[in-house]
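This report covers strand pairing and nonpolar packing in one protein model. Start with the strands, then turn to the cores.

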Amino acid sequence: MQEAGTITIISNKQEVVLNISQILYVQMKGNFAFIHVSSDLAYQTRITLTELEGALGDNFIKVKRGCLVSALAIHSVTDKINLCNGESLDYVVRNKKEILAKLHAKQQDMIHSFNEDGIPATADQYHAHYRLFDTIPFAFADIEMVFDGECRAIDWVFRYGNPALAQLEKMPLEKLIGNSFRSLFPNMDAKWLRSYERATLFGETLQIIDYSPEIDTYLEVICFPTFKGHCGCILFDISQIKFFRKASDTEKALAIFFEKLANGNP
């Protein structure tokens with residue numbers, strides 16, 4: 001029996017169960033479908049596009065012959081379909097208006113379906129939920145994503161933060177909690193939004209190492225899904241991280257990490 005919200009395929013002679021919410025897009029090549037998921041993997045399986053359309057449901061848009069794209073995966077539509085993970089796909093440009101209309105309707109339906117079951121309702125409830133993070137030595141925040149009328153992430157609101165976050169952001173917690181990042185930092189860099197959006201919508205855990213002009217600090221950020229429409233962020237000031245090489249396993253781990261970076265798969 002197939003679990004709700006999943007699709008079962010045969011890929012490389014093995015049965016694979018895929019979470020539909022993590023499928024970005026599907027491209028057909030002959031009798032085979034290549035199903036691209038949010039972990040930067042693609043599964044090849046023998047199936048028709050009609051069968052896939054029925055299995056995947058209404059949240060996928062046909063942007064050209066043999067290509068279905070998840071409405072939540074689309075960041076913008078220009079001369080390409082630009083996805084949240086940085087990929088761009090070709091589409092039938094003359095159908096742009098129709099595709100945009102479908103996209104906005106589907107994105108609104110999905111984002112409005114984010115329910116509040118189990119989500120803290122007040123700052124005190126968030127604090128009670130995350131109280132174990134109060135004394136940890138690194139910055140942590142739970143943020144609620146803010147979407148615009150086209151259902152693109154444009155900002156986030158701090159719902160919980162620990163004292164280490166206040167120190168990193170150079171701002172007291174009482175000023176951070178309940179306020180949007182853009183209202184506190186008008187020079188907000190949108191690069192953080194794309195990763196937080198992916199974590200929120202696709203349930204990914206992502207690592208970002210980059211410069212934050214907002215606080216003039218180089219950061220390592222690990223973001224991951226928490227509540228519906230939220231993501232958690234663990235933040236480190238890179239200048240305060242000390243690296244300790246102890247064993248040969250460290251070299252192996254570093255080799256794997258830097259190989260992934262070189263191949264564009266951080």
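## Strands and cores

Strand E4 and strand E5 (residues 42-46) run antiparallel and are joined by five bridges. Strands here are DSSP runs of E with at least two residues, helices are runs of H or I with at least four, and both are numbered from the N terminus. Two strands pair if DSSP finds at least two bridges between them.

The model is predicted: local features need pLDDT of at least 70, side-chain atom pairs count only at pLDDT 80 or more, and totals for chains, interfaces and linings use all residues. Residues are numbered from 1 along each chain as its sequence is written, and side-chain values use heavy atoms, leaving out hydrogens and water.

E4 (residues 32-37) also runs antiparallel to E3 (residues 23-29), with six bridges.

| Hairpin | Residues between strands | Turn residue with positive phi |
|---|---|---|
| E3 and E4 | two residues | glycine 30, about 65 degrees |
| E4 and E5 | four residues | aspartate 40, about 65 degrees |

Isoleucine 23 faces valine 37 in E4. Alanine 33 stands opposite threonine 45 in E5.

Now the packing. A nonpolar core is a set of buried Ala, Val, Leu, Ile, Met, Phe, Trp, Tyr and Cys residues joined through side-chain atoms within 4.5 Å. Buried means under 20% relative accessible area (1.4 Å probe, protein chains only). The largest core has 49 residues; Val69, Ile81, Ile143, Trp156, Phe158 and Tyr196 touch the most other members. Helix H7 (residues 191-202) gives the most to this core, with six residues. A second, separate core holds 17 residues, including Ile7, Ile9, Ile47 and Leu49.

How values were computed. Buried < 20%, exposed > 50% of the residue type's maximum accessible area, 1.4 Å probe, protein only.
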